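Me: I want to go through this model and ask what stands behind each label. Please set the values against the cut-offs.

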Amino acid sequence: MSILDDLTWRGAINQQTNAQGLEELVNKKAIGLYCGVDPTGDSMHIGHLIPFMILKRFQLAGHKPVVLIGGGTGSIGDPSGRNSERTLQTMDVVKENARKLADQMNRLFLKGDVQASGFRIVNNYDWLSQISLLDFLRDYGKHFNINNMLAKDVVASRLEVGISFTEFSYQILQSIDFAHLYKEYDVQLQIGGADQWGNITAGLDFIRRTEGHETEVYGLTIPLMLKSDGTKFGKTAGGAVWLDPEKTTPFEFYQFWLNQQDGDVVKFLKYFTFLSHEEIDALAVEIETQPHLRVAHKRLAEEVTRFVHGQEALDEAIRITEALFTGEVGSLTVHEIEQGFRNMPQASAAREEANLAVWLVDTGIVKSRREAREFISNGAITLNGTKVTDVEAVITPQDAIGGKYVVVRRGKKNYTLVTFQD
């Protein structure tokens with residue numbers, strides 16, 4: 001099965017400029033292809049990950065992926081998907097964001113035998129910053145028809161509310177990128193989201209005008225990713241799910257995938273994992289016949305977390321998940337406690353010995369000493385996974401995990417993380 005047949009089976013192709021021509025090309029040789037991301041933030045989120053999963057599949061199939069970090073285009077901003085202009089960032093911020101995105105891309109693509117992969121990261125600031133205004137107008141602007149530019153969906157959608165010349169010119173800059181990569185690295189395919197179709201086709205037209213109408217260059221876009229309930233994929237009540245472990249911990253990342261709806265799991269297995277068709281079909285059967293076991297959900301969470309964060313982070317996420325499920329949190333490390341309880345209720349306590357009933361009131365976990373004693377005597381209080389039933393029990397800083405944390409569980413599900421303060 002060819003890479004394009006595989007992508008079709010996975011539901012990962014939205015539009016292609018010449019499906020037959022691209023099929024013949026990828027079956028004939030290893031091609032160069034690229035996908036870009038602008039450094040408008042210091043981390044990608046899982047929505048950004050979608051087209052780069054396609055780039056990774058091409059890499060695994062023996063092709064040569066190029067990741068373009070938009071240090072140049074990111075300094076002006078693209079007009080897609082909004083009704084207002086982007087807030088421009090300083091070049092220092094853009095450069096730092098670009099560095100962090102490059103680090104993330106290296107972790108995703110520099111795995112296994114990378115010598116033969118042809119993978120590289122480029123930054124379009126390197127060539128766009130060298131073009132003078134006169135060169136831009138003479139050498140590039142002359143090849144773009146304003147009527148055609150206005151007809152692009154991404155521009156047409158902004159005409160009513162207005163669009164600056166800065167953002168209007170974005171498609172010219174992206175076209176320059178494609179032409180540069182074609183000439184320097186033999187890149188013949190650009191991949192992007194559905195909203196990038198206009199920019200991609202503008203680049204193809206520009207290359208053919210300047211390099212010849214028979215030039216073999218192609219564009220491919222991916223579908224807009226929606227969940228089974230029709231809502232946009234990738235957002236949670238807490239906001240975006242980031243690839244940066246400081247913004248979204250590997251445990252939170254793992255939980256995001258583990259908690260997907262049954263109706264979305266097979267789609268996400270196809271799109272976000274590198275499992276074979278046979279493995280995914282078998283997991284689909286598990287959802288139909290034994291949904292309560294959540295085998296497919298666990299496999300999805302494991303595969304994506306391992307791909308983004310590595311095996312060690314995945315192992316930590318699984319340990320935290322199991323500890324929370326069983327209540328046996330005493331075996332967790334300080335780092336794992338900080339991951340697993342970051343978004344749970346928090347309290348602090350003085351670093352001194354105290355009667356447990358009084359301590360529970362002082363930390364705000366219960367309302368009164370009478371209530372505290374009732375919870376303790378009824379076996380409803382556990383400290384770091386150990387049940388306490390003695391109403392005269394004393395708690396000290398030595399009881400804390402790493403001398404810092406006490407995980408208090410009241411009842412079956414009410415967790416509070418108490419931190420001993422110096």
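Reply: Of the 422 residues of the protein chain, 49% count as buried. Buried means under 20% relative accessible area, exposed over 50%, and partly exposed in between, with a 1.4 Å probe and protein chains only. This is a predicted model: local features need pLDDT of at least 70, side-chain atom pairs count only at pLDDT 80 or more, and totals for chains, interfaces and linings use all residues. Residues are numbered from 1 along each chain as its sequence is written, and side-chain values use heavy atoms, with hydrogens and water left out.

Me: What makes up the protein chain in helices and strands?

Reply: The protein chain has 19 helices and 15 strands. Both are DSSP runs numbered from the N terminus: helices are H or I with at least four residues, strands are E with at least two. The C-alpha trace spans about 85 × 50 × 45 Å along its principal axes.

Me: Which share of the contacts with a separation of 6 or more comes from residues 24 or more positions apart?

Reply: That share is 72%. Contact means heavy atoms within 4.5 Å.

Me: Which residues make the nonpolar surface patch?

Reply: Ile146, Leu150 and Leu159 make a patch of about 250 Å². Patches are made of residues with over 30% relative accessible area and no salt bridge; nonpolar side chains (Val, Leu, Ile, Met, Phe, Trp, Tyr) are joined within 5 Å, like charges within 9 Å. Ile146 has a relative accessible area of 47%, so it is partly exposed. Ile146 lies in helix α7, residues 146-151.

Me: Why is the pair Asp42 and Lys247 called a salt bridge?

Reply: A salt bridge is a side-chain nitrogen of Lys or Arg within 4 Å of a carboxyl oxygen of Asp or Glu. The closest N and O atoms of Asp42 and Lys247 are 3.3 Å apart, so the pair forms a salt bridge. The pair links distant parts of the chain, 205 residues apart: Asp42 is in the loop between β2 (32-37) and α3 (46-60), Lys247 in the loop between β8 (239-240) and α12 (250-258). Asp42 has 25% relative accessibility and counts as partly exposed. Lys247 is partly exposed too, at 34%. The structure holds 13 salt bridges.

Me: What is the N to O distance between Arg342 and Glu252?

Reply: The distance is 2.7 Å, and the two side chains meet in a salt bridge. The pair links distant parts of the chain, 90 residues apart: Arg342 is in the loop between α17 (334-340) and β9 (346-350), Glu252 in helix α12. Arg342 counts as partly exposed at 34% relative accessibility. Glu252, at 16%, is buried.

Me: What makes Glu338 and Lys404 a tie between parts of the chain?

Reply: The side chains of Glu338 and Lys404 meet in a salt bridge at 3.8 Å, N to O. Glu338 lies in helix α17 and Lys404 in the loop between β13 (394-395) and β14 (405-410), so the pair ties together parts that are 66 residues apart in sequence. Glu338 is partly exposed at 34% relative accessibility. Lys404 is partly exposed at 33%. Elsewhere, salt bridges that share partners join Glu279, Arg299, Glu303 and Arg306 into one network.

Notes. Accessible areas come from the Shrake-Rupley method with a 1.4 Å probe; for residues, only the protein chains shown count as cover.
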